[in-house]
Amino acid sequence: MNKKRKQAMTTTIKQLSIFIENKSGTLIKVLDLFSKAKIQIIASTIADTQDYGIYRVLCSAPCEAFTILKENGINVQLTDVLAIAIENEPGKAAIAINALSEAGVNILYMYSFLWQGRGVLVMRTDKSEKAMEVIAEKDMSLLSENEFK
């Protein structure tokens, strides 16, 4: 197995999934804790329900952030996700998603952002190992946590 394929099959990054109530002041508590700890948010998204939101965060120190949030009584989980780097060109995301779809990999959720001139697709799938195989076969690049420090 070549080095790139082996790297692609073993690279996930840690994402924080923070459960916050849908009421004034709960998000700022999380952001203040990050600020005091000098933890940089790289990307984030909020999905809401009627009573709470799931604030998904990629940050510069996910394990440290997890500990700080737990110590402050905030309901948080660490989740392994894939971060695929793509060229910042129209259609590149569609190509990546199509490759996964054709291989029978379902995307449970996804968000994207630009990082150092490249697009980044962050996703959780129903078949992570299969997704990593497809990513390696299609010569796509997975980002590691070290690239966000």
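Trainee: How many aromatic pairs does a search of the whole structure find?

Mentor: The search gives three aromatic pairs. Rings of Phe, Tyr and Trp (its six-membered ring) pair if their centres lie within 6.5 Å; planes under 30 degrees apart count as stacked, over 60 as edge-to-face and the rest as tilted.

Trainee: What kind of pair do Phe19 and Tyr52 form?

Mentor: Phe19 and Tyr52 form a tilted pair, 6.3 Å centre to centre with 55° between the planes. Phe19 belongs to strand S1 and Tyr52 to strand S3, so this pair ties together parts that are 33 residues apart in sequence. Helices (H or I, at least four residues) and strands (E, at least two) are DSSP runs, numbered from the N terminus.

Trainee: Before I go on, what am I looking at?

Mentor: This is a predicted model, where local features need pLDDT of at least 70 and side-chain atom pairs count only at pLDDT 80 or more, while totals for chains, interfaces and linings use all residues. Residues are numbered from 1 along each chain as its sequence is written, and side-chain values use heavy atoms, with hydrogens and water left out. The pLDDT is the predictor's confidence in each residue, from 0 to 100.

Trainee: Back to that pair. Is Phe19 buried or partly exposed?

Mentor: Phe19 is partly exposed, at a relative accessible area of 25%, and Tyr52 is partly exposed too, at 37%. Buried means under 20% relative accessible area, exposed over 50%, and partly exposed in between (1.4 Å probe, protein chains only).

Trainee: And the rings of Phe113 and Phe148, how are they placed?

Mentor: Their centres are 6.2 Å apart and their planes at 50°, so that pair is tilted. Phe113 sits in strand S5 (residues 107–115) and Phe148 in the segment after S7, so the pair ties together parts 35 residues apart in sequence. Phe113 is buried at 13% relative accessibility, and Phe148 is buried at 4%. Phe113, Trp115 and Phe148 make up one aromatic cluster.

Trainee: Which charged end sits over the ring of Tyr109?

Mentor: That of Arg56, 3.6 Å from the ring centre. The test for a charge over a ring is NZ of Lys or CZ of Arg within 6 Å of the ring centre and within 35 degrees of the ring normal.

Trainee: New topic: the nonpolar core. Which residues touch the most other members?

Mentor: The largest nonpolar core has 16 residues, and Leu16, Ile18, Val30, Phe34, Ile39, Val57 and Leu69 touch the most other members. At least two residues of this core come from each of strand S1 (13–21), helix H2 (26–36), strand S3 (52–59) and helix H3 (62–71). By definition, such a core is a set of buried Ala, Val, Leu, Ile, Met, Phe, Trp, Tyr and Cys residues joined through side-chain atoms within 4.5 Å.

Trainee: Why would they gather like that?

Mentor: In soluble globular proteins, nonpolar side chains tend to be buried together.

Trainee: What is Phe34 in contact with?

Mentor: Leaving aside neighbours within four places in sequence, Phe34 is in contact with Leu16, Ile18, Ile39, Ile41, Val57, Ala65 and Leu69. Contact means heavy atoms within 4.5 Å.

Trainee: Now Ser60. Where does it lie?

Mentor: Ser60 is in the loop between S3 and H3, and it is buried at a relative accessible area of 18%. Not counting residues up to four places away in sequence, Ser60 touches Ile39, Gln40, Ile42, Phe148 and Lys149.

Trainee: How do S1 and S4 pair?

Mentor: S1 and strand S4 (residues 75–87) pair antiparallel over seven bridges, with Phe19 opposite Asn75 in S4. Two strands pair if DSSP finds at least two bridges between them. S4 also pairs antiparallel with strand S6 (residues 118–125) over six bridges, where Ile86 has Gly119 as its bridge partner. Strand S7 (residues 141–142) runs antiparallel to S4 and is joined to S4 by two bridges; there, Ile84 partners Leu142.

Trainee: Last one. Which element has the lowest mean pLDDT?

Mentor: Helix H1 (residues 3–8), at 46, whereas H3 has the highest, at 97. Over residues 1–9 the pLDDT is below 50, and beyond near neighbours in sequence this stretch has 14 contacts in the model. Where pLDDT is low, the predicted coordinates should not be read in detail. The chain as a whole averages 91, with 93% of the residues scoring at least 70.
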